[in-house]
Amino acid sequence: MDLFGKLGQNTDLQGAIGLDNLGNQFWNLTPAELVEDAILMGQGMLTDTGALAIETGEFTGRSPKDRFVVCDEKTENSVWWGDVNIKFSPEKFDALYNRMKAYLTGKDMYVRDAYACADDNHRLNIRVVTETAWSNMFASNMFLRPTDDELENFNPEWHIVCAPGFKADPAIDGTRQANFAILNFTKKMIIIGGTGYTGEIKKGIFSVLNYILPHEKNVLSMHCSANIGHDGDTAVFFGLSGTGKTTLSSDPDRRLIGDDEHGWADNTVFNFEGGCYAKTIDLSREKEPQIFDAIKFGAILENIGFKEGSSEVDYSDNSITENTRVSYPIDYIDNIAVPSIGSSPKNIFFLTCDAFGVIPPISRLTKEQAMYHFMSGYTAKVAGTEMGITEPTTTFSACFGAAFLPLHPAKYAELLGNKLEGTDIKVWLINTGWTGGSYGVGSRMKLSYTRSMITAALTGKLDNVSYEKLPVFDLEFPTSCENVPSEILNPRGTWADKSAYDEKANNLASQFVKNFEKYAAETSEAILSAAPKVMV
Ligand code: ATP
Ligand code: MN
């Protein structure tokens, strides 16, 4: 085995980020080498399809309350400070990083050179230094992979240091608890400690791009998936977690651009990433064949369970978390766009998982409604699997991704508004959530129906059908759609108790209105008039 040349002290890390006195440095190992290390260290095992299964530890999801941004000259007046972007002082950052470096002394570390943004004009080189082999492999799966030639002269712009084993001490370090993820735009570093959840690495760079692209390059960054049809038409799918971005963008009839993070420049939509990160809870080959088949050697499964006495994955096992995941390089999906770039979108879908069962499964938005819903960023989550909790909780997350936005939402809205103006881009609102009643009474929209509605929209089959308007939300929905029973298109019609529907719709409408109050002062009358009208 030839690990030499990849092993030993390389002074690059010392120069750039002051990381010296490490143990071995393993540079850009192949997936096979990383899988071997993970298994040898007792941190993972192979499944019967060759995927690596690991556990991320105490954290099986991101920890938004422990995500900080260094507040200094560069960021003080540009970042949208608050609960999402929590201030951290430059001095405290340095002190914490020093303690982290002390922790890493003598430790073997994995180094990965990668980049973000498939569009060369916006390429961002990243060097990821991780404590575990599997999180290094995650970075390799999720970011774009340089060629051997590119690796020879690789010049990193941003550095990520990820040490799940290093626990901060709030009393000394000024963190909230032992885990943290801190973005430093001046030093161009992300430091992560106390958590092994891989999503912190991925969404850390997403947050960085959500700052750089709109702020410095006038490019709209988007929390969305994207794909391309036979005619070269691009579609993007915005949505919060669990609303269907990954699932619905994998479509055998359309080439995948990416499943989660994109930029919209003058005439292009480009993927930030080089991989996908799909949910695997209750995954089946029948419902999601492309994702299912991507789970092979090179893919990393997180926090899954196995069927008794076997190495066959039990996708129904939620004993560790509901948020079981798999990461894989994007080329594990067979019909992808190469490179991961499309033209400006012809269709935009806003995905919401409305657990109240109020929003139509598909509706066509006016430009004003599009802006209103973009800024609202509505979805309703089903309250976990906790016993006794039956009420879904409403979430409004601006631009369908407030948790990753370093700038004020108005910035992204302004960019989207400019892009929509004077075009015939169609914007659709899709409810992938409940029908026939709220959570507990109704049921989740069948995936096959949602897919059919999206296909119909994309192929122009909803252009010349009749539409009806939903009261309160004023949403225009088609009265017929190929391969979908007509009776489900009007949500009110699916409820046995119409007055219960009206009450729920009103209630949700007032939550929309209340949430929007904070934007009202700076928002145009036209957009404000797209708000739902609460009936009395
Ligand atoms: P994240 O931002 O966390 O990656 P996401 O938007 O990519 O979230 P998906 O991974 O696509 O979300 O998750 C959608 C989940 O909902 C999948 O597990 C999918 O099988 C399930 N699902 C059930 N019904 C539908 C439906 N009608 N439309 C879309 N997804 C559905
Ligand atoms: Mn996803």
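Predicted model: local features only at pLDDT ≥ 70, side-chain atom pairs only at ≥ 80, totals over all residues.

**Cavities, pocket, backbone and helix packing**

Me: What is the volume of the largest cavity?
Reply: Phe206, Asn210, Ser221, Met222, His223, Phe374, Cys399, Gly401, Leu405 and Tyr412 line this cavity. By class they are 6 nonpolar, 4 polar and no charged. The volume of the largest cavity is about 50 Å³.

Me: Which element gives the largest share of the lining of the largest cavity?
Reply: Helix 7 (199-217) and strand 11 (220-228) each supply at least two residues of this lining. The largest share is 3 residues, and it comes from strand 11.

Me: Which residues lie closest to the centre of the second largest pocket?
Reply: About 580 Å³ of space lies in the second largest pocket. Its lining is made up of 27 residues. Those closest to the centre are Asp251, Arg254, Thr455, Leu458 and Thr459.

Me: Which element gives the most to the lining of the second largest pocket?
Reply: At least two lining residues each come from helix 9 (289-294), strand 22 (345-352) and helix 12 (447-458). By class, the whole lining has 8 nonpolar, 8 polar and 11 charged residues. The most, 5 residues, comes from helix 12.

Me: Is the peptide bond from valine 338 to proline 339 cis or trans?
Reply: Proline 339 sits in the loop between strand 20 (325-329) and strand 21 (341-343). Omega for the bond from valine 338 to proline 339 is near -10 degrees, and the bond is cis.

Me: What is the phi of aspartate 282?
Reply: Aspartate 282 is in the loop between strand 16 (275-279) and helix 9. Phi is positive at this residue although it is not a glycine, with a value of about 60 degrees.

Me: How are helix 2 and helix 4 oriented to each other, roughly parallel or roughly antiparallel?
Reply: Helix 2 (residues 31-40) and helix 4 (residues 133-142) pack at about 155 degrees, with axes 8 Å apart. Angles over 145 degrees count as roughly antiparallel. The two helices are therefore roughly antiparallel.

Me: Is the crossing of helix 2 and helix 4 left-handed or right-handed?
Reply: Helix 2 and helix 4 cross in the sense called left-handed. Pro31, Leu34, Val35, Asp37 and Ala38 of helix 2 make the contact with Ala133, Trp134, Asn136 and Met137 of helix 4. By class, this contact has 7 nonpolar, 1 polar and 1 charged residues. To repeat the term asked for, the crossing is left-handed.

Me: Why are helix 10 and helix 11 described as roughly antiparallel to each other?
Reply: Helix 10 (residues 367-376) and helix 11 (residues 409-420) have axes 10 Å apart. The cut-off for roughly antiparallel is an angle over 145 degrees. Helix 10 and helix 11 are therefore roughly antiparallel, at an angle of about 160 degrees.

Me: How many nonpolar residues does the contact of helix 10 with helix 11 have?
Reply: Helix 10 passes helix 11 in a right-handed crossing. Lys367, Ala370, Met371, Phe374 and Met375 of helix 10 meet Tyr412, Ala413, Leu416, Gly417 and Leu420 of helix 11. The contact has 1 charged and 1 polar residue, and the nonpolar count is 8.

Me: What angle do helix 10 and helix 14 make?
Reply: Tyr372, His373, Met375 and Ser376 in helix 10 meet Phe512, Val513, Asn515, Phe516 and Tyr519 in helix 14. By class, this contact has 6 nonpolar, 3 polar and no charged residues. With axes 10 Å apart, helix 10 and helix 14 (residues 498-520) pack at an angle of about 90 degrees.

How values were computed:
Residues numbered from 1 in each chain as written. Chains lettered and ligands numbered in written order. Heavy atoms only, no water. Axes fitted to C-alpha atoms, helices over the stretch in contact; angles between N-to-C directions. Helix = DSSP H or I, 4+ residues; strand = E, 2+ residues; numbered from the N terminus. Parallel < 35°, antiparallel > 145°, perpendicular 65-115°, else oblique. Left-handed = near helix turned anticlockwise from the far one by under 90°. Contact = heavy atoms within 4.5 Å. Nonpolar A, V, L, I, M, F, W, Y, C, P; charged D, E, K, R; others polar. 1 Å grid on protein atoms, 1.4 Å probe; cavity = no way out; pocket = protein on both sides within 12 Å on 5 of 7 lines; lining within 4 Å. Points joined across faces, edges and corners; volume = space filled by probe spheres on them.
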